[in-house]
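Me: Please go through this model with me, starting from the terms you use.

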Amino acid sequence: MSALIDVILPVFLVLGFGYVVSWRGLFSDAAVDGLMRFAQNFAVPVLLARSIAMLDLSTSYDAGLMISFYVGALTSFAIGITAARVIFRRTGPDAVAIGFCCLFSNSLLLGIPITERAYGPDALAGNFAIISIHSPMLYTIGIVAMEAVRSAGTGAGLSRVGFNALMGVLRTPLVIGILCGFAIQILRKMTGHDLPGPVWAAMNMMANAALPAALFGLGGVLFRYRPEGDGRAIVMVSALSLIVHPGIAYLLGHWVFALDTAALRSAVMTAAMAPGVNAYLFANMYGAARRVAASSVLVATAASILTIWAWLAILP
C-alpha cells in the first residue's frame, strides 16, 4: 500500500488535477493545447537533451536492458497488428495504428516520474538510455509500417516509404532533443570544454518545468477522450501494454540476461507504462483507429495505477 500512496499517487494526483480543472471548465482546451505544446515541443526536448548529454554512455547502454525492453515492445506491436486484422477485421492502416498503441509506452511522462519516486533520481540512467532511442526507433517502425500498408498496390517503392519515415521522425521535437543531447556529448568530448554555466542553468530551469507541466496537461488532454465502442480492442491494447510488454521485459531481464537490480527496474517500469498521447497523435495523423487509440490511452492510464503497483511489488 505504501508504494501506491508514496510513489504512484502523487504522479496521478497531478494528472488528475489537470483532468478535474478541464472537466470543470477552469482550464480551457486552448490552454491545455498551449501547455502541451510548451511541454512536448520545448520543455521535454530540453529535458531529454540535458539527460542524454549527462549520460555515461559506456555504462548506460546495456544490451540486455535494451533487448529486454524492445523485444517486449515489438512483440506487443506484432500481436496488436495481427489481432486487429484477424480477430477484429480492421483495415491495414487501422491495424497499424492499433499496433502502435501497443508499441509506444508512455516512457517519459509517466515512466520517469514514477521510477524516480520509487527508486530515486540515481535510478534513471537505464530509463534515459531506453528513451534515447525510443522515439526515433518506434516512430520509424510505426511510420514505415503505415506507409507500407498505405502504399500497397500504388506502386510506391521502398525508397519512398523509407524517405517518408525518415522525414517524419526527424521532424519530431523529442527526436530533435535527443539528437541535441548526443551533439552536446560529442562536443564536450572533442573539445574538453563544458557548456557555459548559464546555458546549463537555463536548461535546468526548462527541464524542471517539463514533467509537472506535461502531467498536468496530459490530464486535460485525457478529459477529451471518451471510452466508447471497440471495447475488445481497447482491452487488448491495455493488456498488451500493461501486462505482456513488462512481463516479457521482466522474464528476459531477470532470467535470460540476469540484469542488475537498477537495469531490471528501468526495463520493467518503462515497459509497464500505458500508451502515451503520442499513440493517439500517430493515429490522428493518419486518420486511422482514432477512437480506439484515444480510448486506450485513457483506459490504460487509469488501469495502470493498479498494474504499476503490482510491478513495483514484484520487482526487487
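Reply: Helices (H or I, at least four residues) and strands (E, at least two) are DSSP runs, numbered from the N terminus. This is a predicted model: local features need pLDDT of at least 70, side-chain atom pairs count only at pLDDT 80 or more, and totals for chains, interfaces and linings use all residues. Residues are numbered from 1 along each chain as its sequence is written, and side-chain values use heavy atoms, with hydrogens and water left out.

Me: In which helix does P173 lie?
Reply: Leaving aside neighbours within four places in sequence, P173 is in contact (heavy atoms within 4.5 Å) with Q40, N41 and P45. P173 itself lies in helix α9.

Me: Does P173 count as buried, partly exposed or exposed?
Reply: Buried means under 20% relative accessible area and exposed over 50%, with partly exposed in between (1.4 Å probe, protein chains only). The relative accessibility of P173 is 26%, so P173 counts as partly exposed.

Me: How far apart in space are P173 and S135, C-alpha to C-alpha?
Reply: In sequence, P173 and S135 are 38 residues apart. In space, C-alpha to C-alpha, the distance is 9.8 Å.

Me: Does the span of helix α10 agree or disagree with its number of residues?
Reply: The expected span is 1.5 Å times one less than the number of residues. Helix α10 (residues 197-223) has 27 residues and should therefore span 39 Å. Its end C-alpha atoms are 40 Å apart, which agrees.
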